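Subject: Structure for your files

Dear colleague,

Please find the structure below. My notes on it follow.

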Amino acid sequence: MKAVAKAHTNIALIKYWGKRNDELILPMNNSLSLTLDHFYTTTEVQFDEALQTDTFIFNGETASDSESAKISSYLDRIRQFAGVQMYAAVRSVNHVPTSAGFASSASGFAALAAASTKALGLDLDRKTLSILARQGSGSACRSVFGGFAEWEKGSRTDGSDSYAVPIMSKTEWDVRVLSVLLESNEKPISSRKGMKRTVETSPFYSGWLEAVDHELKEIKTAIRTKDFERLGKVAEANALKMHATMLGSHPPFTYWQSSTMAVMEEVQHLRDKGIQAYYTIDAGPNVKILCLPEDEQKIRDELENLEMVKGIYGCRPGPGIEYKEKLPSLGDSPSPSDG
Ligand code: DP6
């Protein structure tokens, strides 16, 4: 009753921001992402009749009580889905620099959904896996697929039509994402809390929802026609709109810091020089830069001159969920020079 699965993180180009159901994690809008090759989580789950409780080892160490409680309550959903009562031993190895503020909940819950269901002998299709991953963390439902994927929000109250679908495989278009690690001096509000506050209090939230359908149409055309400029422009505009909703919240908040804005400005300078670079930003201060392979080195060279840049992680389109024989050894955390 043991299985191992590997899942990669993804970066949303059209963001998921706001839930219509907190419990089932049902979103207010469709979102669209690119799965990244360089950041991933591998998880082993072993169900065992002899266990008295769930156990969770994260990067070789026992996880904190709050972290373990989250995993256990997620496993309750899986147990309910499969109709079993057994506890599980979970071991996870993260190839994501979480301490640097790069999110790992997407790869974490996608890997956990896949490994736990496989360990219980279930042979699930990707749609069902996406629905289950979604219930751990919304963005995880997109990490079930490689390349570009769209999370369809669905309309049913039970969430059975809210899952990701593949848009373009990782081999079809080599778009690069440079994750720029910045000096950070604040503890951000979690994305979960931030989106809740925005939906409940921001007068700008309705504007966000109004714009998103057109942006989705636009980005899907850009992907289909491999029009990078069109893709970059709409992704950047969508990220700016998401962050604008937060400024209208009560109390207002922002994830941006001065270093965030300095990199945004630098990306604009790069464009002024004719280099095709666009940014997107999630619920934290770090900036992700979208570019094509031929421009990657030029962008790195410019950014490395900025004092506030602590590292640049280069990513290519990555694969969806993969089942493995065993966990990788520890100590292979990515370093900023990788890429
Ligand atoms: C800004 O998926 O982390 O990164 O569903 O509450 O776990 P929960 O939230 P999460 O939110 C991601 C928000 C985002 C945009 C995105 O990835 O689409």
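Helices (H or I, at least four residues) and strands (E, at least two) are taken here as DSSP runs, numbered from the N terminus. The model is predicted: local features need pLDDT of at least 70, side-chain atom pairs count only at pLDDT 80 or more, and totals for chains, interfaces and linings use all residues. Residues are numbered from 1 along each chain as its sequence is written.

UniProt, in an unreviewed entry, lists residues 180–303 as "domain: Mvd1 C-terminal". Its positions are given in the numbering used here, with feature names shortened, and annotations may be inferred rather than shown by experiment. Over residues 180–303 the chain is 62% helix and 9% strand, with 9 Å between the end C-alpha atoms.

Domains. An automatic or database domain assignment supplies the bounds. The protein is divided into domain 1 (2–173) and domain 2 (176–315). Taken over C-alpha atoms, their centres are separated by 24 Å. Domain 1 puts 24 residues into the contact and domain 2 puts in 31 residues, where two residues are in contact if their C-beta atoms, placed from the backbone, lie within 7 Å. On the domain 1 side, β1 (2–14), β4 (31–48) and β9 (163–168) each supply at least two residues. β4 gives the most to that side, with 6 residues. The residues of the domain 1 side divide into 16 nonpolar, 5 polar and 3 charged. Here Ala, Val, Leu, Ile, Met, Phe, Trp, Tyr, Cys and Pro count as nonpolar, Asp, Glu, Lys and Arg as charged, and the others, Gly among them, as polar.

Ligand. Both domain 1 (2–173) and domain 2 (176–315) give residues to the shell around the ligand, so it lies between them. Of the 13 residues around the ligand, A12, Y16, S137, G138 and S139 come nearest. The shell divides into 4 nonpolar, 6 polar and 3 charged residues.

Sheet. An open sheet is formed by 4 strands in the order β11-β12-β10-β13, with antiparallel pairing; two strands pair if DSSP finds at least two bridges between them. β11 (278–280) and β13 (309–315) stand at the edges with a single partner strand each, so one side of each is left without a neighbour in the sheet. Strands β10 (residues 176–182) and β12 (residues 287–291) are joined by 5 bridges. V180 has V287 in β12 as its bridge partner.

Regards

Definitions and conventions. Near = placed C-beta within 6 Å.
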